[in-house]
Amino acid sequence: LEISQKLCVYVRWVLTRPAYKQPKGVSFSVLKAAFATEKSLNHHLACLEFAKFVLMILEPFLKTFQAERPLAVFLYERLMELMSELTKLFVK
């Protein structure tokens, strides 16, 4: 997300160059599809923001169960809370 505007400027600059000077790799094709138009840029930025939001919900769960002590006893309850919280994002 932090470098998306710079990637957008780069892709648009490369597209102004002659076709034989443009990169032909798969990675540039992905960038071109993502950042070539304003609509596709907004779509990909929204997807990244949503992924960031979901990861912010998952991070405390992952940190809690990365301890060295046995926490499997609490796993079911916390996992059900987590699934309930994530389901509320998709189901009204």
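Which pattern does the chain follow when it is read along the sequence? In this predicted model, the pattern is α-α-α-α.

Figure 1. Along its principal axes, the C-alpha trace spans about 60 × 35 × 20 Å. Of the contacts with a separation of 6 or more, 49% are made by residues 24 or more positions apart.

Figure 2. Of the 92 residues in the chain, 18% are buried. The chain exposes about 7500 Å², and carbon and sulfur atoms supply 66% of this area.

Figure 3. Helix H2 comprises residues 26-35, and its buried residues are Phe-28, Ala-34 and Phe-35. These residues cover an arc of only 125° around the axis, which means that they lie on the same side of H2. An α-helix has 3.6 residues a turn, so residues three or four places apart point the same way. Where do the exposed residues Val-26, Val-30 and Ala-33 lie on H2? They are carried by the face turned away from the buried side of H2.

**Figure 4. The packing of helix H2.** Which helices do the buried residues of H2 pack against? Their partners are helix H1, which covers residues 4-16, and helix H3, which covers residues 38-64.

Figure 5. Phe-35 has its place in helix H2. Is Phe-35 buried or exposed? Its relative accessible area is 9%, and because buried means under 20%, Phe-35 counts as buried. When neighbours within four places in sequence are left aside, Phe-35 is in contact with Ser-4, Leu-7, Cys-8, Val-11, Arg-12, Ser-40 and Leu-41.

**Figure 6. Phe-35 and Glu-77.** This view concerns two residues, Phe-35 and Glu-77. In sequence, Phe-35 and Glu-77 are 42 residues apart. How far apart are Phe-35 and Glu-77 in space, C-alpha to C-alpha? The distance between their C-alpha atoms is 42 Å.

Definitions and conventions: Residues numbered from 1 in each chain as written. Predicted model: local features only at pLDDT ≥ 70, side-chain atom pairs only at ≥ 80, totals over all residues. Heavy atoms only, no water. Helix = DSSP H or I, 4+ residues; strand = E, 2+ residues; numbered from the N terminus. Buried < 20%, exposed > 50% of the residue type's maximum accessible area, 1.4 Å probe, protein only. Contact = heavy atoms within 4.5 Å. Areas by Shrake-Rupley, 256 points an atom, 1.4 Å probe, with all protein chains shown as cover. Arc of directions from axis to C-beta.
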